[in-house]
Amino acid sequence: MHHAGGERTGDVTTTDDDATNGRLRLLVGLVVVCGAGNILAALRDVIFDHQPAGLFPVVLCGLIALAKISGVSIRIRSTNIWLSAESATVLMASTIVSFGWVVLGMALGVLVANLRARSAFMKLRFNVAKESLAASAACAVMVALGAPPVGPEQLAGSLSRHLLVIPVAALAYAIVDEGLIFPVIALATRTSLRERFLEHLDIRLVSRSIGLAMALGATMILTVDRWLVIGLSPLLYALHLSSAGRVRNREERAAWQRLARTTDELNAVDLDGVLRSAVRRAAELFSADEVEVEVHEGSSPARLVRGTDERVHYDDAPDSAPPAQGTAIITPLESHDGDTAIGELRLRFRGQVALSEREEYIFRTFAAALCTAIRNASAHAETRRLAESHARAAAQDPLTSLANRRRLEQYADEILGGPPHGVTALVLLDLNRFKEVNDTLGHTAGDRVLIEIARRLEALSTAGDLVARFGGDEFAILLTGLPAPPVAIPRAQAVLASIAAPMDLDGMRISVEASAGIAVADGSTDIAELLRRADIAMYQAKKSGQQVTRYAATRDTADVDSLVLGGDLARALAEEEFTVKFQPIVDLGSAEVIAAEALARWHHPDHGDLPPARFLDAIERSTQLGAFAKSILNQALAAAVTWRAAGYTIPVAVNVSPRSLLDPRFPGTVKASLARYGLPPEALVIEVTESLILSQLEVVDEVLRALREDGIVIALDDFGTGYSSLSTLARVPVQELKIDRGFVSGMDSPAEAAVVRSTVELGRSLQVMVVAEGVESEDQRRRLWELGCPAGQGYLFARAMSLDALLAALGRGFDGRPGRLAEPLHEAGSVVRIPKRPRGGQRLDRSS
């Protein structure tokens, strides 16, 4: 088997190293000069020396050329290796004709093969020279070892000697052939000589052994009849095809194995790793001088990665890339199903290279696999980005980028649960009259004030501290590593001084003050208790007009005496001490009950029955709020089931704590409770305070919207006591306004009467129900009715009562009319139409 190497370029310059190019040119030039001299000597030998007469030498010469022409080429980067089976004919011919005919036959075959392949001129000259030198080496060994060419008739007498020398000549042929080609290939491809020599060594050894066997067989056939050698041509060609087929099969298997390994390596979740691995593996797989992967997927900026099989030397924007060298073979990065291409894969060669059909298919397959890998890695990166974003959002206040309450609680647990390192204190801050900023300058200006305050708080924090915003205008600072508890007070005073410093807002200089409460951890407190204590201290600071107040257990005890010990809450819930009473809501005109409001009561074993005003603040500051709200809601819904079974399809109204509306899970809890009791959504009215929904907290709006979408009626309690606006009512899905009892009781005053009148008119305009609270006299009832107020509740009709008492009152009715609690203001037929009530049970259905 014969190997001839050559470069794709005409000047054989295939590297970027001038020194390497110089050595390559010198080596090729030396071979060409020696080969030219060798061919001239062969011509002289044929022309001037006595050669056997006849056609036989010409036939042998042609047979050598035919063997050389029938070859197969293997490309290694910029080098093509030519595999052919001419060595057998060269060795056989060297036994009966002079080296001139052998060399000319070889030169002719190489010349024709390279012309057919359209090889560059330098490549053609090198190949012709090298092959002629290898053939001359074989002939020279035959002569030197006493086996010169003899006529076919004399060959039988010296056959044994020739057969012994032919293997040595074959070795000389192989040494010269590979000794000249592999240094050139190694220089051209910038690879080691050892690596190039060992590549396909097993195939070359087998092929050369077959060629040697063929040469020995052909030599013996010559002793029978020299013309029988012509019949060897089909056999030589068949053996050549078999050898070439084995090479191709091995190359194909190796290519597919490399492709499988490469695509496995692309199954990574790191986009950088995918692109860099793709460049190196594609350069190795397709023996390319350089590979480029350009990606422009989605909203990410375009990216170009360029490199070789050894390293990536460019990874940045395509527009900034240095000019690429050589010609490129390009395929789009798209999947097999024809999705939109996300970029291109380019193989670059320093010359003209055409991929085989198999390589083309592998190239497209590799590009499709790379496309899938890029999309998978991009999807993973986006998923990871979203997860990190959600994690930040879960622990970060969106407006100020400070930590939120959840993050502060987590961090405090870590600090309080870790090894002691100084004193830990919690400072809770609340801005004074911040609502005036929003109402006067707008919420955008208010947000800017909050952002500036957050910046000032962070500037004053030290290593280990954590600044958080709880929502609205409430901030917290966890101070860690304090040398002593009293140090927390000057730290808090410095914070308040920083907040109070004037700030510029659209050309106006404004100052915002705050109140602060401090709670110091004592080694046994958790973050929930620390927050409770800081909240009590802040409340005391606001109440006393001081800027900073430190929590004191004695004052907490006084508060607990009025609000009930916080420690009793868990026990009270477990022992079901919290109960619900119901106050009817009636149609002012007909005095028929149209709803009932659930009012919580605490039957305390030591303090007796406690109204909500005595214990709601304590519950708000405790960790028992969720359990308390769930208990009250379930009792209210159970009562609604009971009176519906009695024939009264009226809804129940339940007051909701502001903190409940800050929990995105609250709508799901309400919906689950309704389902548990088998009640429709319109059987429940959720009453919220006006001050909370005016905060415009996004989470509150989302919770209210979710409740409304579930079909639950939203009522705005104590309407008129805050700073309501039409924009608020347009934003919040309110279906009921409840006039505060203070306006009803003060209707003799023109101002209060005006509030009531405007509220009724507003309800009529917005087509929402208006309910007056605290109706205690017939005069108030009549005046409200004349103003157009459709509904009311108060002592005139009934006080809050137990479920049994309510059912008895409904059954007893007024003047023998069940469901009516007073004398109607009008006779049948003179009813003034009121706005349609968007809650179930506008009428009373009495079962017969």
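This is a predicted model: local features need pLDDT of at least 70, side-chain atom pairs count only at pLDDT 80 or more; totals for chains, interfaces and linings use all residues.
1. Overall make-up. The protein chain has 848 residues, and 50% of them count as buried. Its secondary structure comprises 29 helices and 24 strands. The chain exposes about 38700 Å². Carbon and sulfur atoms supply 55% of that area.

2. Contact range. Residues 24 or more positions apart account for 70% of them.

3. E7 and E8 are joined in the antiparallel sense over six bridges. Within this pair, Ala 328 has Arg 348 in E8 as its bridge partner.

4. Glu 292 and Arg 346 form a salt bridge, with 2.9 Å between the closest N and O atoms. Glu 292 sits in strand E4 (residues 290-295) and Arg 346 in strand E8 (residues 343-349). The two residues are 54 residues apart, and the pair links distant parts of the chain. Is Glu 292 buried or exposed? Its relative accessible area is 1%, under the 20% cut-off, so Glu 292 is buried. Arg 346 has a relative accessible area of 11%, so this residue counts as buried by that cut-off too.

5. Why call strand E17 (residues 593-604) largely enclosed? Of its 12 residues, 10 are buried, so the rest of the structure largely encloses E17. Strand E16 (residues 578-587) runs antiparallel to E17, and nine bridges join them. Lys 581 has Leu 599 in E17 as its bridge partner. E16 and E17 form a hairpin with five residues between them. In that turn, Ala 591 has a positive phi of about 65 degrees.

6. Further partners of E17. Strand E18 (residues 608-610) is antiparallel to E17 and joined by three bridges. Trp 602 is partnered by Leu 610 in E18. This pair is a hairpin as well, with three residues between E17 and E18. Strand E19 (residues 652-655), in contrast, runs parallel to E17, again with three bridges. There, Glu 597 stands opposite Ala 653.

7. Nonpolar cores. The largest nonpolar core has 76 residues. Those with the most contacts inside it are Phe 578, Phe 582, Trp 643, Val 652, Leu 661, Leu 684 and Leu 784. Helix H21 (residues 625-645) gives the most to this core, with nine residues. Apart from it lies another core, of 33 residues, among them Leu 482, Ala 488, Val 520 and Val 548.

8. Trp 643 in detail. Which residues does Trp 643 contact, beyond its neighbours within four places in sequence? They are Phe 582, Ala 596, Tyr 648, Ile 650, Pro 651, Val 652, Leu 803, Leu 806 and Leu 807.

9. Other salt bridges. The count for the model is 30 salt bridges. One of them joins Asp 430 to Lys 542, with the closest N and O atoms 2.9 Å apart. Asp 430 is in strand E9 (residues 423-431) and Lys 542 in helix H17 (residues 527-544), 112 residues apart. Asp 430 counts as buried, at 14% relative accessibility, whereas Lys 542 is partly exposed, at 35%.

10. A strand-to-strand pair. Glu 773 and Lys 738 meet in a salt bridge of 3.6 Å, N to O. Glu 773 lies in strand E23 (residues 769-773) and Lys 738 in strand E22 (residues 736-739), so the bridge ties together parts that are 35 residues apart in sequence. Both residues, Glu 773 and Lys 738, are buried.

Terms used
Residues are numbered from 1 along each chain as its sequence is written. Side-chain values use heavy atoms; hydrogens and water are left out. A salt bridge is a side-chain nitrogen of Lys or Arg within 4 Å of a carboxyl oxygen of Asp or Glu. Helices (H or I, at least four residues) and strands (E, at least two) are DSSP runs, numbered from the N terminus. Buried means under 20% relative accessible area, exposed over 50%, partly exposed in between (1.4 Å probe, protein chains only). A nonpolar core is a set of buried Ala, Val, Leu, Ile, Met, Phe, Trp, Tyr and Cys residues joined through side-chain atoms within 4.5 Å. Contact means heavy atoms within 4.5 Å. Two strands pair if DSSP finds at least two bridges between them. Accessible areas come from the Shrake-Rupley method with a 1.4 Å probe; for residues, only the protein chains shown count as cover.
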